[in-house]
2 protein chains.
Amino acid sequence: MPHESKSCPVPHSLTRRGFLAGLSAGAAGAGLVACAPRATGDLEPGVVVPGDREGEDSRLGNEKVAFGGEHQAGIATPFQAHLNLVAFTFRGDADRGAARRIMRLWTEDARRLCEGRAPLGDLEPEMVDAPANLTVTCGFGGTFFDIIGRPEARPEWLGPLPAFSRDRLDDRWGEADVVLQLCSDDPVTLSHATRHMIRAGVDYVSVRWFQQGFLNSDGTRPDNATPRNLFGQKDGTVNPRTRDEFDDIVWIDEGPGWLRGGTALVVRRVAMNLDEWEMLDRNSREVVMGRTLDSGAPLTGEREFDTPDFAATDSYGLPVIDPASHIARSTNPADAPHQKIRRRAFNYDLPPEPGSGQTSNAGLIFICFQKNPLDQFVPIQRRLDEKDRLNQWITHIGSAVFACPPGVADEERGTGRNDAGRDAYWGATLFED
Amino acid sequence: MPHESKSCPVPHSLTRRGFLAGLSAGAAGAGLVACAPRATGDLEPGVVVPGDREGEDSRLGNEKVAFGGEHQAGIATPFQAHLNLVAFTFRGDADRGAARRIMRLWTEDARRLCEGRAPLGDLEPEMVDAPANLTVTCGFGGTFFDIIGRPEARPEWLGPLPAFSRDRLDDRWGEADVVLQLCSDDPVTLSHATRHMIRAGVDYVSVRWFQQGFLNSDGTRPDNATPRNLFGQKDGTVNPRTRDEFDDIVWIDEGPGWLRGGTALVVRRVAMNLDEWEMLDRNSREVVMGRTLDSGAPLTGEREFDTPDFAATDSYGLPVIDPASHIARSTNPADAPHQKIRRRAFNYDLPPEPGSGQTSNAGLIFICFQKNPLDQFVPIQRRLDEKDRLNQWITHIGSAVFACPPGVADEERGTGRNDAGRDAYWGATLFED
């Protein structure tokens, strides 16, 4: 995404719907776009501030997110409605050459899919012409670096996370060689794109696991409001939004050169016990979270984005926000300002497992991005693991960590496979001899 | 849905988005709504003709489909993007009283959910306030009539379909006591509504199976265009649209009194072998179907809704549409005009089954509605089972039949549980003594 529009953040796409809505507003006497520099600092390109009216209805299903750029798309990109997170295992005989071939192939195909063009060998242009904000994001697992014979290039944080006492991890959702995160606002587009990427890689990799998630659809959620998880909570309120915040929290700027501009992806599969959660009254649910259910405001505030006041007490001298609440435990201490992450979580809701005795099989595909999980996700999760009222209703059942390379350069459109384009693939600098 | 607006079909909801788009069109000098009687006859209420520009962008995610009316919603209703089809088994001790209680409870809860109001006992109004065209449709399996002690009220067509030679039916997707079809344009709304209905019934019924499907999202598919299946084909072109067609094909007007205004639901789970389908070139795919992939037009026509000319031959004297093509085999013979159905099929795409050797686990949740499956779905499927080029790539793996009672009366809003409302539940007349 271009980095020019510093002082005037615009939605990542200008759509027909937005255009019409803008015309209407114009007809009613309001300005087409209200745009002014923000006191909160420059926004990361692609970020739309919740509550930002000019973003309302700005995304039609057939809009596009730029594929090329300094960073991969699908990280700062606003939540799409649908997620397919697919982890792969390289075939036994795969080597550095195979890894390079699939990265070249996948990058080119992902670029085309995100631009609404059929990849080579895809005979169904009708299935790709509505990207609906499709993004394809690639990450490498720790084992990837052994396969390519570059173990020294592996970042020190890349590998299984330290164990947490409450983990009940299932290897079915464990570490893998490589991961693709595909997101779109259209489930058919997403299905076809995922299918294409799996098929394109079939000579080199096989599917290790496949996690499918969803959020409120674009049409339902006004002006990029925070979506809700299946406990009814707004999920994703605390997130970086300005360029400075993304630079501080998300984008890697030291360590191995190939990773500069990249980020660390942690995915945790978190089962949520709806049967027991629903036995709580609303007040108890809000105490557990430390936030109200309706607006998502902290119990000491009135609006979703108000800063919680953990020191506030009620008329009995008791803290308004329970120190064991999820918000109190997850918020970084004042002396650890770096303990923040970019959250990008999606709901899952599958048929109940036969014989489970449960009426649901639901939860969260918790995805977060950061510079270094050991400094960011891990200390946060350690606090939650130790004490968090929410723990009674949730269980972490899957965990994996991936290193996402930086974005690839924008290919010159219409030039086909020019020299610049041929080297513009995920992790290209890892393969330089 | 009201039956008054005979000569002026309108989209089933007048939305903010539609309103704004209308304003814009107005500002640009076009009329707000172009409306004239149709040569094709009166449209069934709720039906929007594909290509009908006035329907464009008419549905926001938070719009509503009327729950009450002569017929249940979710049958003539335009395709929503998401389906949860849930079949239930009554608990062993369930009897007529239990069945009546659950029907009363479910009907009231479904009505509230579709209206965006939280059902009693649902403490999460934030999860229901965006129905996004939610519909909840109920059907009774053959065994339902034994449970309620009214076997004589069972329609003669209700039960397992006659076997077809190519069937590979899995009992996992088989007959059940009762079914709920929930559809919405928002996946979170749909998840919560489904969850609520399952939980509300937990004292009486347990989930037998749960089929989840999807179509192109509302924002992607312009003016209610025909959605595509995962073979890339437009799926649902041939469908009743006028009130006369629905009266002729779908709504039951004879037989047991309790079923007048109702319909028969057949659901077939159809596995689609993407791996092998994708080996075909485009021309072969079009010959198999008898339609083009891009527009969906019959090979003898130019536009999707053109009538196929099965007698047309090419310069070699060969038929343009292969007599073994899907379109040729599925079209009713001239002497059997009643062999038509209302199709409402959704795609499924699940992670590949471990050890299957397949790269996909995808297909169609083929749902159709008709007066009598033995006279409509069965002869069509018999022709296809006998000969259909498409058979090489598809397998029917599930089958069930349900009788959908008519719609329930509109409750007077704001009156709560008035006497009319108390008797307005699915199948009420079955329980009259």
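Is F145(A) buried or exposed? I looked this up first, keeping in mind that the model is predicted. F145(A) comes out as buried, because its relative accessible area is 0%, under the 20% cut-off.

Next I counted ring pairs. Over all chains, the structure holds 28 aromatic pairs. One of them joins F145(A) and W258(A): the ring centres are 5.4 Å apart and the planes meet at 45°, so I noted the pair as tilted. I then checked where the two partners sit. F145(A) belongs to helix 3 (residues 144-147) of chain A, while W258(A) is in the loop between helix 5 (243-249) and strand 5 (263-272) of chain A, so this pair ties together parts that are 113 residues apart in sequence.

W258(A) is buried as well, with a relative accessible area of 7%.

I also looked up F246(A) and W251(A). Their ring centres lie 6.0 Å apart with the planes at 25°, so this pair is stacked; the cut-off for stacked is under 30 degrees. F246(A) counts as buried at 0% relative accessibility, and W251(A) is buried at 4%.

Back to F145(A) and W258(A): I found them in one aromatic cluster together with F90(A), F140(A) and F144(A).

Last entry, charges over rings. R269(A) has its charged end over the ring of W173(A), 4.0 Å from the ring's centre. For F79(A), I found R342(A) over the face, 5.5 Å from the ring centre.

How values were computed. Residues are numbered from 1 along each chain as its sequence is written. Chains are lettered from A and ligands numbered from 1 in the order in which they are written. This is a predicted model: local features need pLDDT of at least 70, side-chain atom pairs count only at pLDDT 80 or more; totals for chains, interfaces and linings use all residues. Side-chain values use heavy atoms; hydrogens and water are left out. Rings of Phe, Tyr and Trp (its six-membered ring) pair if their centres lie within 6.5 Å; planes under 30 degrees apart count as stacked, over 60 as edge-to-face and the rest as tilted. Helices (H or I, at least four residues) and strands (E, at least two) are DSSP runs, numbered from the N terminus. Buried means under 20% relative accessible area, exposed over 50%, partly exposed in between (1.4 Å probe, protein chains only). A charge sits over a ring if NZ of Lys or CZ of Arg is within 6 Å of the ring centre and within 35 degrees of the ring normal.
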